[in-house]
Amino acid sequence: MAAENKSSDHGPSVKDDEVYESLREDGASKEKAARIANAQADPSRSPSKKGGSNPPYEEWTKDELYERAQEIGIEGRSSMTKDDLIDALRSH
């Protein structure tokens, strides 16, 4: 019996298994790991290695953090403090 392809562990939609697995081992969520792996595997896209040009979350206002949390669907955001919002956004 042939060895199973690693992609079967996370589904066929992940384009770069190596990047996905590395990100998962580093603690990234399945969604985040798949998004990054697929972006890096697509030659028409060029995701940054270092991240975007936005200032760190600590420099955002609580309202800006709340709006971002709302955009990506973080639950319980209305009762979160600024630090809670930062933690939730970083772990999403």
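Let me begin with a definition: helices (H or I, at least four residues) and strands (E, at least two) are DSSP runs, numbered from the N terminus. What we have here is a predicted model, in which local features need a pLDDT of at least 70 and side-chain atom pairs count only at pLDDT 80 or more, while totals for chains, interfaces and linings use all residues. Residues are numbered from 1 along each chain as its sequence is written, and side-chain values use heavy atoms, with hydrogens and water left out.

By that definition the chain has 5 helices and 0 strands, and from the N terminus on its elements run α-α-α-α-α. As for confidence, pLDDT is the predictor's confidence in each residue, from 0 to 100, and the chain averages 77, with 73% of the residues scoring at least 70. Over residues 1-8, however, the pLDDT is below 50, and beyond near neighbours in sequence this stretch has 4 contacts in the model, where contact means heavy atoms within 4.5 Å.

Now to burial, where buried means under 20% relative accessible area, exposed means over 50%, and partly exposed lies in between, with a 1.4 Å probe and protein chains only. Of the 92 residues of the chain, 26% count as buried. In helix H2, which covers residues 17-25, the buried residues are Val19, Tyr20, Glu21 and Leu23, and H2 is followed by Gly27, whose phi is positive, near 100°.

Which residues of H5 are buried? They are Leu85, Ile86, Ala88 and Leu89. Seen down the axis of H5, these buried residues fall within an arc of 165°, so they line one face of the helix; the arc here is that of the directions from the helix axis to the C-beta atoms. The face of H5 turned away from its buried side carries the exposed residues Asp83, Asp87 and Ser91, and what covers the buried residues includes H4.

Let us take Ala88 from that buried face as an example, with its relative accessible area of 16%. Leaving aside its neighbours within four places in sequence, Ala88 is in contact with Ile74 and Met80. Ala88 and Ile74 are 14 residues apart in sequence, and their C-alpha atoms are 7.3 Å apart in space.

I turn next to charge. Side chains of opposite charge can pair when their charged atoms come close. A salt bridge is a side-chain nitrogen of Lys or Arg within 4 Å of a carboxyl oxygen of Asp or Glu, and the structure holds 2 of them.

One joins the side chains of Arg90 and Glu58, at 2.9 Å from N to O. Arg90 lies in helix H5 and Glu58 in the loop between helix H3 (30-41) and H4, so the pair ties together parts that are 32 residues apart in sequence. Arg90 is partly exposed, with a relative accessible area of 43%, and Glu58 is partly exposed, with a value of 43%.

Another salt bridge is formed by the side chains of Arg68 and Glu71, at 2.9 Å from N to O. Why are Arg68 and Glu71 separated by about one helical turn? Because they are 3 residues apart in helix H4. An α-helix has 3.6 residues a turn, so residues three or four places apart point the same way. Arg68 is partly exposed, with a relative accessible area of 30%, whereas Glu71 counts as exposed, at 60% relative accessibility.

Arg77 lies in the loop between helix H4 (62-72) and helix H5 (82-91). Leaving aside its neighbours within four places in sequence, Arg77 is in contact with Tyr66, Ala69, Gln70 and Leu85.

For contrast, I would end with Asp63, which is in helix H4 and is exposed, with a relative accessible area of 58%. Asp63 and Lys82 are 19 residues apart in sequence and 8.7 Å apart in space, C-alpha to C-alpha.
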